Amino acid sequence: MTWLVPLPVILPLFGAGLALALYGRPKLQKTVSVTVLALVLAVSVALLVLARSGPLVVDVGDWAAPVGIVLVVDRLSALMLTVSSAVTLCVLLYSQAQGDDQEHAPVSIYHPTYLILTAGVADAFISGDLFNIYVGFEILLAASYVLLTLGGTAERIRAGSVYVVVAITSSLLFLIGIAVTYAATGTLNLAQLSTRLAEIDPGVRLVIAMLLMLAFGIKAAVFPLSFWLPDSYPTAPAPVTAVFAGLLTKVGVYAMIRTRTLLFPQGELDTVLLVVAFATMLVGILGAVAQDDIKRLLSFTLVSHIGFMVLGIGLGTQLGWAAAIYYVVHHITVQTALFLVAGLIERYGGTTSLTRLGGLARTAPLLAIAFFLPAMNLAGIPPLSGFLGKLGLLEASVQVGSPLAYTLVAGSVLTSLLTLYALVKAWNKAFWQPAPAPLPARRVPVGMALPAVALIVVSLGLTVAAGPLYRYTEQAAADLSERTPYISSVLPDGHRGRGQSAWAEGHG
Amino acid sequence: MTDTAPNLTLVVVIAVLVAAGVYLLLERSLSRIVLGIVLLGNAVNLLLLVAGGAAGSAPIVGTSDQPMSDPLAQAMVLTAIVITLGLTAFVLALSYRSWQLHRHDEVQDDVEDRRIARLAARDAPSVAGSDVDSDDGVDLDDEARETHDETDEGRPAPVHGEGPR
């Protein structure tokens with residue numbers, strides 16, 4: 001069944017070409033993109049089931065592993081693929097119902113670019129090669145540049161130029177990291193790197209780890225590298241912001257988990273990660289408290305909650321990784337749902353500014369419920385999935401038991417409380433207080449509301465299905481800390497993959 | 001095994017390119033940033049080439065007794081060149097669009113920066129912290145848009161909305 005592995009990349013790329021060719025036929029374009037993303041979701045679910053019996057490996061073009069590019073789907077990749085394709089499908093359906101006139105955006109470009117973005121995300125998730133991860137990043141980033149500056153309004157150009165320059169800088173840092181890795185080890189295959197990096201000079205290994213963490217840290221928006229995010233995300237169209245917030249930073253987090261577990265099991269940078277996690281949580285949430293616009297507020301909570309995932313990675317234990325993976329899944333769905341609801345509020349009230357909104361609980365009670373549930377979930381009110389994820393992280397920190405870990409326990413509890421405060425403040429201003437001026441109260445299309453509701457239901461489902469899901473993430477974390485399942489399925493004999501190579505033919 | 005010392009000329013060239021690239025990247029106008037990205041991108045390409053080891057005979061095609069060049073590094077450089085080309089074109093378009101809108105291509109201030117600057121100026125706590133609640137009635141977004149400090153030296157700042165749309 002390994003032929004399924006490349007499909008999450010190939011299908012969207014093919015669909016993007018088709019959608020671009022059909023640029024004059026918006027109806028057909030929509031059909032193409034929805035069909036493609038639905039297929040990707042089906043494939044991802046199949047991979048999720050298949051990956052339970054060990055990682056699935058494809059040597060691309062039948063070139064043997066360390067020379068050719070490998071695609072690997074293990075439990076972690078399969079889980080990320082499934083969540084990301086479910087989210088991208090929901091956001092696509094949401095954006096289709098939005099109508100074309102509101103955003104002044106050339107929709108003919110929107111569909112192909114969106115599909116390319118999903119292809120890039122999938123490529124980053126399933127790649128078993130450091131350079132191919134870079135290529136995946138570039139695919140998704142290039143698509144994100146276009147989506148962020150869609151329409152080319154003054155506001156989007158302003159936000160877009162900062163975003164683009166920061167993202168390019170992080171890509172160049174990543175590329176420098178790749179060059180240094182290649183110079184030190186002579187390979188970029190993750191499985192081979194995991195054995196070779198253990199043999200090189202610890203100082204050089206530290207440099208490589210720093211460079212990679214720096215590059216991924218910018219993409220994941222970790223504290224000192226996070227200031228680009230709250231300024232650039234809110235200016236994009238609502239569905240674009242939602243998918244960026246849900247997925248793009250998580251690709252960075254995924255890359256951090258993968259490199260920390262597979263390439264640097266010694267955990268040289270764990271202390272740095274924990275300190276940075278602490279700062280990310282608190283600085284992010286303090287920024288959110290000061291905001292008066294729902295979209296900007298949500299962008300700051302996004303930064304803040306990246307800190308929780310970095311905490312899980314930095315603990316360096318199996319329990320911590322399991323909790324971090326669960327938290328990533330929870331956060332992708334909840335954060336995307338919140339941004340979609342913010343889009344609904346904007347549609348209904350004509351603004352997302354908390355000073356102008358008001359009284360929505362009375363005039364639009366369903367909207368109020370749709371905001372309240374994911375907001376409470378994000379703040380971590382029991383028994384919702386946010387609470388379970390945070391509980392797992394706290395348990396893992398207490399198990400580590402160092403003074404720094406206890407500081408982080410205090411920090412994450414404080415962050416949760418401040419998240420609750422920020423969101424309740426937003427709730428009071430937008431939903432309970434009377435509006436300063438009457439709102440336009442435009443009708444919200446059912447087609448926009450349904451995908452948002454679907455995502456909220458999924459995030460509530462994560463609570464109901466927390467048992468099996470948590471077991472899955474625990475097994476994923478066990479595979480990650482053991483490392484051998486990944487390495488031995490890519491390189492069965494420890495040197496070569498299953499594909500062909502001149503060396504294998506000549507010598508064996 | 002083999003001699004792994006890198007070529008000194010290449011190392012010096014990389015260092016100069018990176019230094020100039022970082023300097024340009026820290027500038028405020030997008031056209032200079034583009035040049036910085038180009039220089040940095042080429043520096044990284046050379047770095048990849050150095051990482052591939054000493055030059056040798058042509059790889060893959062035919063066989064030879066001499067040691068071959070590393071084809072993988074060249075393949076990676078090729079990919080990186082294509083990506084940098086695409087991104088350079090995009091940033092150039094962005095810079096042109098910015099010039100169309102504002103008659104300059106400076107990276108503009110973060111709204112948050114302006115908000116903090118304004119609060120510091122008033123030396124007072126935020127009352128509502130709103131986008132439009134300031135004393136002078138200037139929208140924060142507009143203020144951020146009109147603040148630029150490098151281009152158009154000596155000339156008055158263009159009034160918002162003056163440029164061609």
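**Questions on a two-chain model**

Visitor: What share of the 165 residues of chain B counts as buried?

Guide: Buried means under 20% relative accessible area, exposed means over 50%, and partly exposed lies in between, with a 1.4 Å probe and protein chains only. By this rule, the buried share of the 165 residues of chain B is 38%.

Visitor: What kind of model is this?

Guide: Residues are numbered from 1 along each chain as its sequence is written, chains are lettered from A and ligands numbered from 1 in the order in which they are written, and side-chain values use heavy atoms, with hydrogens and water left out. Local features need pLDDT of at least 70, side-chain atom pairs count only at pLDDT 80 or more, and totals for chains, interfaces and linings use all residues, as this is a predicted model.

Visitor: Which pattern does chain B follow along the sequence?

Guide: Helices (H or I, at least four residues) and strands (E, at least two) are DSSP runs, numbered from the N terminus. Chain B has five helices and zero strands. Its pattern, read along the sequence, is α-α-α-α-α.

Visitor: How many residues of chain B are in contact with chain A?

Guide: Contact means heavy atoms within 4.5 Å. On the side of chain A, 40 residues meet this condition, and the number in chain B is 40.

Visitor: What part of the area buried between chain A and chain B comes from carbon and sulfur atoms?

Guide: Buried area is the accessible area (1.4 Å probe) that two parts lose on being put together, summed over both. Between chain A and chain B this comes to about 3300 Å². The part given by carbon and sulfur atoms is 72%.

Visitor: Which element gives the largest share of the side of chain A that touches chain B?

Guide: Two or more residues each come from α5 (130–148), α6 (154–185) and α12 (294–315) of chain A. The largest share is 18 residues, and it comes from α6(A).

Visitor: Which salt bridge partner does A:R258 have?

Guide: By the rule, there are nine salt bridges over all chains. A:R258 has its closest N and O atoms 2.8 Å apart in the pair with A:D74. The pair links helix α10 of chain A to the loop between β2 (70–73) and α3 (75–97), 184 residues apart.

Visitor: Is A:R260 buried or exposed?

Guide: A:R260 is found in helix α10 (residues 238–263) of chain A. Its side chain makes a polar contact of 2.8 Å with the side chain of A:D270. Beyond its neighbours within four places in sequence, A:R260 is in contact with residues including A:M213, A:I313 and A:W321. With a relative accessible area of 4%, A:R260 is buried.

Visitor: Where is A:A221 placed in chain A?

Guide: A:A221 has a positive phi of about 60° although it is not a glycine. At 0% relative accessibility, A:A221 counts as buried. Its place is the loop between α8 (202–220) and α9 (228–232) of chain A.

Visitor: Where does A:P383 lie?

Guide: The peptide bond from A:P382 to A:P383 is cis, with omega near 5°. A:P383 lies in chain A, in the loop between α15 (365–379) and α16 (385–400).

Note on methods. Polar contact = N/O pair within 3.5 Å; in protein donor to acceptor, adjacent residues only side chain to side chain. Salt bridge = Lys/Arg side-chain N within 4 Å of Asp/Glu carboxyl O.
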